[in-house]
Amino acid sequence: MHELARALADQLRPGAAPRDVTVSFGARRQAPVEYRSRGRGGPVTVYAQALHAALYGLPTPDESLPTALDALLQATHTATAPEQKTAVLRQVAEQLRNAAEIIQRYQYRAQWDRFPTDVAEQLATAHDQARQIAQALDCVAPAFSHQPTTPRAQAAHGSATTPVASLPTLAPRHR
């Protein structure tokens, strides 16, 4: 589903973040009149989820994952299916990207308001680290969709885990 959201976002601009893209559907003028007066739109991530469910015959979730981090923390206690665990990590990554954007806005504000230089530099470092952590979560989240997920289960199944791409290192920002 995440790949669908990225592919849809790429239609706007390659590399566009799905969280920043909305879609809008309407009928062309040649369509029957009952379709022309209707339109629909919303976040590309919601449409990707619905499209994924429709393509693969999956039930559409009645309730999506919470977006507030405290509620998402609670969801980690109830996420038992591998796909749920992956979804939680992906949602945390999205929240970190949102946090990085907030931090960057405050960094720019600190520069504009001429705060001490170290304030803007620390905010820039925090921004970069939040983005790097989000990237790391994107890399490791798919590993939770594969069974077995514990060393004990691996030994019982006699298999190794799926290799995970190397994680980006957290480096300080240089000017």
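The legends below describe close-up views of a predicted model.

**View 1. Helix α1 packs against helix α3.**
This view shows α1 and helix α3, residues 44-56. Their axes come within 8 Å and cross at roughly 125°. That angle makes α1 oblique to α3. The crossing of α1 past α3 is right-handed. From α1, the contact uses Leu4, Ala5, Leu8 and Ala9. From α3, Val44, Thr45, Ala48, Leu51 and His52 take part. By class, this contact has 7 nonpolar residues, 2 polar ones and no charged ones.

**View 2. Helix α4 meets helix α5.**
Helix α4 covers residues 69-78. Its axis and that of α5 come within 10 Å. They cross at roughly 165°. Because angles over 145 degrees count as roughly antiparallel, α4 is described as roughly antiparallel to α5. The crossing of α4 past α5 is left-handed. On the α4 side, look for Leu69, Leu72, Thr76 and Thr78. On the α5 side, look for Gln84, Val88, Gln91, Val92 and Gln95. The residues of this contact divide into 4 nonpolar and 5 polar, with no charged ones.

**View 3. Glu3 and Arg90 form a salt bridge.**
The closest N and O atoms of Glu3 and Arg90 are 3.9 Å apart. This pair links distant parts of the chain. Glu3 belongs to helix α1, residues 2-10. Arg90 belongs to helix α5. Is Glu3 buried or exposed? Glu3 is exposed, because its relative accessible area is 52%, and over 50% counts as exposed.

**View 4. Glu101 forms salt bridges with Arg19 and with Arg105.**
Start with the side chains of Arg19 and Glu101, which meet in a salt bridge at 3.7 Å, N to O. This pair links distant parts of the chain. Arg19 is in the loop between α1 and β1, while Glu101 is in helix α5. They are 82 residues apart.
Next comes the salt bridge between Glu101 and Arg105, at 3.0 Å, N to O. Both residues are in helix α5. Being 4 residues apart there, they are separated by about one helical turn.
How exposed is each residue? Arg19 is partly exposed, at 23% relative accessibility. Glu101 is partly exposed too, with a relative accessible area of 28%. Arg105 is exposed, with a relative accessible area of 57%.

For the model, the count comes to 8 salt bridges.

**View 5. Arg114 has a positive phi.**
Where is Arg114 found? Arg114 is in the loop between α5 and α6. Helix α5 covers residues 82-112, and α6 covers 117-140. The phi of Arg114 is about 60°, although this residue is not a glycine. Most residues other than glycine have a negative phi. At 75% relative accessibility, Arg114 counts as exposed.

How values were computed:
Residues are numbered from 1 along each chain as its sequence is written. This is a predicted model: local features need pLDDT of at least 70, side-chain atom pairs count only at pLDDT 80 or more; totals for chains, interfaces and linings use all residues. Side-chain values use heavy atoms; hydrogens and water are left out. Helices (H or I, at least four residues) and strands (E, at least two) are DSSP runs, numbered from the N terminus. Buried means under 20% relative accessible area, exposed over 50%, partly exposed in between (1.4 Å probe, protein chains only). Axes are lines fitted to C-alpha atoms, for helices over the stretch in contact, and angles run from 0 to 180 degrees between N-to-C directions. Angles under 35 degrees count as roughly parallel, over 145 as roughly antiparallel, 65 to 115 as roughly perpendicular and the rest as oblique. A crossing is left-handed if the near helix is turned anticlockwise from the far one by less than a right angle, and right-handed if clockwise. Contact means heavy atoms within 4.5 Å. Ala, Val, Leu, Ile, Met, Phe, Trp, Tyr, Cys and Pro count as nonpolar, Asp, Glu, Lys and Arg as charged, and the others, Gly among them, as polar. A salt bridge is a side-chain nitrogen of Lys or Arg within 4 Å of a carboxyl oxygen of Asp or Glu.
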